Amino acid sequence: MELSIKSTVTLNNDVKMPLLGLRAYRMKSGDETYNAVRCALDNGYRLIDTAKIYNNEKTIGRALRDSGITREDLFVTTKLWVTDFDNPREGLLDSLKRLKLEYADLYLIHWPKKGFEKVYEELVKLQQEGLCRAIGVCNFNIEQVQKILDLGYELPPQVNQTEIHPLNTEKDLINFCRRNKITMEAYSPLGAEGRLILDDPRIIGMRDYYKATSSQILLRWCIQRGIVAIPKAVSEDKIVQNSDLYFFDITTSDMETISDMNCNDRRNYDPSRIDERADYLYPKFLEEI
């Protein structure tokens, strides 16, 4: 499959989204975020994924401006936090103000908290206003996506972003979304915290054959299936390494071997139980200096 750092997927509303991006989750605002984003952009990345609750939108906006890359060539994702469910428009406008952008390329409902159906209806309006080019959901399971589809809009959500890696392949969710023309996007594609996927003997056994690192193999496993991958990285070496995925194809049998590692081991919160989570356990928004 011919892929490159410029490869994109076409969303169900004809917006083109890069297959590879940088996730700014838990990046410290200031130098850490700024340097990581600038490094990613300098090395060909065009998709930058952030969120209100990551507390680094201002820094990301500055890095985007300083890069000199035209706005049309960038793809910026941000997300509506649960505390803004009562006013999604204000939530998006506040994010755009911090980013110093006129629109977001993708705006996602961060978690499927109770009332997300009405929130999604507001996102449709924001998209119609031109404040976001594409809309979607994050951490939604099949039942929750179906509730969005049941709203009866002409187009389904453009994207569902969730935790996907070899130990949590989300095969059923991916197949469901594909049938409904929803693009899947993988966060934690190298495994969430506390996992040792990169040192799994099955992956180690492939490294010599492909002359690739474990990270490169796992990211290629995503993008080769048309799943957008947004690994987090802050060091220049890792950012560059994660972007160098285009010198090899994974064989069908090795793709299956990687997929067979699945054990439904999701480390992030269970979307079906998100309403049981006490408010005090949620991260807090902190305004950047």
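**Strands, helices and loops in a predicted model**

Me: V159 stands opposite T183 in β9, in a model that is predicted. What makes β8 and β9 count as paired strands?

Reply: Two strands count as a pair if at least two bridges are found between them, and strand β8 (residues 159–163) and β9 are joined by five bridges in the parallel sense. Five bridges meet a cut-off of at least two, and therefore β8 and β9 are a pair. Between these two strands the chain passes through helix α6 (residues 171–179), and this β-α-β crossover is right-handed.

Me: Why is β10 called an edge strand?

Reply: Eight strands form an open sheet in the order β3-β4-β5-β6-β7-β8-β9-β10, with parallel pairing. β3 (21–23) and β10 (228–229) each pair on one side only, and this is what makes them the edge strands.

Me: Why is β9 described as mostly covered?

Reply: A residue is buried if its relative accessible area is under 20%, and five of the five residues in β9 (residues 183–187) are buried. In a regular strand the side chains alternate between the two faces of the sheet. For β9, T183, E185 and Y187 are on one side, M184 and A186 are on the other, and all of them are buried, which leaves both faces covered.

Me: What about β5 and β6: how many bridges do they share, and in which sense do they pair?

Reply: β5 and β6 pair in the parallel sense over four bridges, and a pair needs at least two, so these strands qualify. T77 stands opposite L106 in β6. Helix α4 packs on the sheet, where it touches β5, β6 and β7, and the direction of α4 makes about 165° with that of β7.

Me: How many residues of α8 are buried?

Reply: In helix α8 (residues 214–223), ten of the ten residues are buried, and the helix is described as mostly covered. These buried residues, among them W221 and C222, pack against β9, α7 (201–210), β10, α9 (236–243) and α10 (252–259).

Me: Why is F85 called buried?

Reply: F85 has 14% relative accessibility, and this is under the cut-off of 20%, so F85 counts as buried. F85 is found in the loop between β5 and α3, and, leaving aside neighbours within four places in sequence, F85 is in contact with L80, I109, W111, K113, K114, F116 and V119.

Me: Why is K232 called partly exposed?

Reply: The relative accessible area of K232 is 38%, and partly exposed lies between the buried cut-off of 20% and the exposed cut-off of 50%, so K232 belongs there. K232 sits in the loop between β10 and α9. Although K232 and L22 are 210 residues apart in sequence, their C-alpha atoms are 5.8 Å apart in space.

Me: What makes the phi of N139 and of K181 worth a remark?

Reply: Most residues other than glycine have a negative phi. N139 is not a glycine, but its phi is positive, about 65°, and K181, also not a glycine, has a positive phi of about 60°.

Me: Is N139 buried or exposed, and what about K181?

Reply: N139 has a relative accessible area of 1%, under 20%, so N139 is buried. K181 has 64%, over 50%, so K181 is exposed. N139 lies in the loop between β7 and α5 (142–149), whereas K181 is found in the loop between α6 and β9.

Note on methods
Residues are numbered from 1 along each chain as its sequence is written. This is a predicted model: local features need pLDDT of at least 70, side-chain atom pairs count only at pLDDT 80 or more; totals for chains, interfaces and linings use all residues. Side-chain values use heavy atoms; hydrogens and water are left out. Contact means heavy atoms within 4.5 Å. Axes are lines fitted to C-alpha atoms, for helices over the stretch in contact, and angles run from 0 to 180 degrees between N-to-C directions. Buried means under 20% relative accessible area, exposed over 50%, partly exposed in between (1.4 Å probe, protein chains only). A crossover is right-handed if, with the strands pointing away from the viewer, the path from the first strand over the helix to the second runs clockwise.
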